[in-house]
Amino acid sequence: MPKSKARKKAVYTPPQRSQQVKVSPRWLAPTMVIAWIIGILWIAVYYVAPSTPFIGELQNWNLLIGFVFIIFGVVLSTRWR
């Protein structure tokens, strides 16, 4: 007589997830957008008016400062729910 093909082990049931929906803090989205805008404006001002008093002294460091703001905005966007 052939053996039964019925399962002998219990079926896996994953643990229940909490029903609480994760919500971003209220400051996250505005901070993220402001960081992007500051970064883009910083780089744009450096290219349009490189001889401005504070910006002219930093020379190519202005690109780093602008990109740091942009990357900071991107990092914040990974935390947004």
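Ser24 counts as buried, at 15% relative accessibility (buried means under 20% relative accessible area, exposed over 50%, partly exposed in between, with a 1.4 Å probe and protein chains only). This is a predicted model, in which local features need pLDDT of at least 70, side-chain atom pairs count only at pLDDT 80 or more, and totals for chains, interfaces and linings use all residues. Residues are numbered from 1 along each chain as its sequence is written, and side-chain values use heavy atoms, with hydrogens and water left out.

**Surroundings of Ser24**

- Ser24 lies in the segment before helix 1 (helices are DSSP runs of H or I with at least four residues, numbered from the N terminus).
- The Ser24 side chain reaches the backbone nitrogen of Arg81 at 2.6 Å.
- Apart from neighbours within four places in sequence, Ser24 is in contact with Arg79, Trp80 and Arg81 (contact means heavy atoms within 4.5 Å).

**Aromatic pairs**

- The structure contains 3 aromatic pairs (rings of Phe, Tyr and Trp, the last by its six-membered ring, pair if their centres lie within 6.5 Å; planes under 30 degrees apart count as stacked, over 60 as edge-to-face and the rest as tilted).
- The Trp42 and Phe54 pair is edge-to-face, because the ring centres are 6.4 Å apart and the planes stand at 85 degrees.
- This pair links distant parts of the chain, 12 residues apart: Trp42 belongs to helix 1 (residues 28-48) and Phe54 to helix 2 (residues 53-58).
- Trp42 is partly exposed at 21% relative accessible area, whereas Phe54 is exposed at 51%.
- Tyr46 and Tyr47 form a tilted pair, with 5.4 Å centre to centre and 55 degrees between the planes.
- Tyr46 is buried at 13%, while Tyr47 is exposed at 55%.
- One aromatic cluster is formed by Trp42, Phe54 and Phe69.

Definitions and conventions. Helix = DSSP H or I, 4+ residues; strand = E, 2+ residues; numbered from the N terminus. Polar contact = N/O pair within 3.5 Å; in protein donor to acceptor, adjacent residues only side chain to side chain.
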